[in-house]
Amino acid sequence: MHTVDRTTEQMIRSVLAYAENRLRLDPVPLDRGARPPEDFEAVFGGLLGEQGTDPDQVLGIYTSTIAPAVISADSPRFLGFIPSAPTKAALLFDMLVSCASIQGISWLEAAGAVHAENQVLRLLADHAGLPPTAGGAFVSGGSAGNLSALAVAREAAKTRSGTGVPDVAGRRPRLRVAVGSDAHSSVVNTLRLLELEAFVVRTPDHRLTGPALREAIDMDGNPGSVVAVVATAGTTNAGIVDDLHGVGEVARELGWWFHVDGAYGGAALLSPALRHLFAGIELADSLIVDPHKWLFTPFDCCALVYRDPGRARSVHTQDASYLDVIHEGQHAAEWNPTDYAYHLTRRARGLPLWFSLAVHGTAAYAEAIDRAVTLARLTAEEIHRRPHLELIREPDLSIVLFRRLGWDSGDYARWAEDLHRDDVAFIPPTSWEGEVVGRFAFLHPHTTMDLVCEILDRAASPP
């Protein structure tokens, strides 16, 4: 299995040929997505056993059965959830990283790869206005990034005195973290895992602001138990950028940890035209950006950056005799990505972004990001022109929410199913304040207004 024999040669030719064909797809088709389990069992049954199977036959199962049953998030017709549109450069280099089997734990094992990843983290930190000492690591996704950052926030809070007023029995309540009503689901899940409670600040327009946060904490009966705040730079459902400056100022005044979840929207920091939306992000103690979203990198990849990485290192460094070699002696001052998140084993998932940024330059990234925002604004204008449609809110970034007057949830579901069945688009509905509505999520720079108009035209009458 580990030698280059005739079987290996056959696999190399077949797999690389398939990969080349997939890379050349332009545009990438949507494909079909979910199928009944029995469809797969009819093909997969008995495949895994004591004896192997011809690699071309196994690859044929992938091409004929697995690949068509995956909705391609890199298609310009994928407009649901948050899409992904990796550059060809990033996809190619991801293949190289996999072939190299890089163990990205430490400087000892992967100094060159870690240095390249840190160059990208430095670029992001500079665009956010963080100090030269800022740094962090690449993790698997926004959930891992939020969990790792808020674990550091919790430990920092434990060193403070007066966090929470004791009850009559002398017990202190759980520490709390302030969040907006539209904070990502991973933030709420992270707080549960860390035994922290969410202090939810609701606003009429769903945007967490400094004044709203200050009013909420002034009215709260136990403000001392709040130790951190999470602001969102581009909410997943509506693309809202919170008042980062106002929230950050309150956090600084009260001594809270200030975390910015920019998993989706933080990529827009690279756009000079959009940078003003993120004023105040320079106050963050930690932030995340998911390159597998709007920085055109393959799954999975999240950039986690700390203002003071030393605080994260004190929380996340794992202590074991077999790890002493990466932390002591000549390696004591070196950068080990494993020290900045809850992970140990990790692939060098930041390298495909590093390669693509080096090949294309940040100006090309800014142009692609601006194109999605322009498409969202043109779509909002198109919705305004159609009397049977209603725009829910003007887009901050590249997500557009709208309602089709007179439709119920079943109408939206049938409309979305018909669009996918006919290979027009994948655009599942969402909900807004308890009402099912339509939602465009634009990221792919090759999505066109012609496609948008075709989708909206099919909402002209009940499906």
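Modeller: In this predicted model, glutamate 382 is buried, and so is arginine 386.

Biologist: What makes glutamate 382 count as buried?

Modeller: The relative accessible area of glutamate 382 is 12%, and the label buried applies under 20%, so glutamate 382 is called buried.

Biologist: How do you know that glutamate 382 and arginine 386 meet in a salt bridge?

Modeller: Their side chains come to 3.0 Å, N to O, and a salt bridge requires a side-chain nitrogen of Lys or Arg within 4 Å of a carboxyl oxygen of Asp or Glu, so the pair of glutamate 382 and arginine 386 qualifies. Glutamate 382 also meets arginine 385 in a salt bridge, at 2.7 Å, N to O, and a network of salt bridges links Glu382, Arg385, Arg386 and Asp457.

Biologist: Where do arginine 385 and glutamate 382 stand relative to one another in helix H14?

Modeller: They are three residues apart in helix H14, residues 362-385, and therefore separated by about one helical turn. Arginine 385 has 55% relative accessibility, and since exposed means over 50%, arginine 385 is called exposed.

Biologist: Why is the contact between arginine 24 and glutamate 20 called a salt bridge?

Modeller: Because the N to O distance is 2.9 Å and the limit is 4 Å, this pair belongs in that class; the structure holds 25 salt bridges. Arginine 24 and glutamate 20 are four residues apart in helix H1, residues 6-24, which again places them about one helical turn from each other.

Biologist: Which labels do arginine 24 and glutamate 20 receive for accessibility?

Modeller: Arginine 24, with a relative accessible area of 61%, is exposed, whereas glutamate 20, with 40%, is partly exposed, because that label covers values between the 20% and 50% cut-offs.

Biologist: Are cysteine 99 and cysteine 302 buried or exposed?

Modeller: Cysteine 99, at 69% relative accessibility, counts as exposed, while cysteine 302, at 0%, counts as buried.

Biologist: What makes strand E4 mostly covered?

Modeller: In strand E4, residues 226-232, seven of its seven residues are buried.

Biologist: How do you know that strand E4 pairs with strand E2 and with strand E5?

Modeller: Pairing requires at least two bridges; four bridges join strand E2, residues 176-180, to E4, and five join E4 to strand E5, residues 257-261, so both pairs pass. Both pairings run parallel. Valine 230 in E4 stands opposite valine 179, and in E5 its bridge partner is histidine 259. From E4 the chain crosses through helix H9, residues 244-254, to E5, in a right-handed β-α-β crossover.

Biologist: Why is threonine 159 called exposed?

Modeller: Its relative accessibility is 68%, and the label needs over 50%, so threonine 159 counts as exposed. Threonine 159 has its place in the loop between helix H6 and E2, where a polar atom of its side chain lies 2.6 Å from the backbone oxygen of alanine 156.

Conventions
Residues numbered from 1 in each chain as written. Predicted model: local features only at pLDDT ≥ 70, side-chain atom pairs only at ≥ 80, totals over all residues. Heavy atoms only, no water. Buried < 20%, exposed > 50% of the residue type's maximum accessible area, 1.4 Å probe, protein only. Helix = DSSP H or I, 4+ residues; strand = E, 2+ residues; numbered from the N terminus. Right-handed = clockwise from strand over helix to strand, strands pointing away. Polar contact = N/O pair within 3.5 Å; in protein donor to acceptor, adjacent residues only side chain to side chain.
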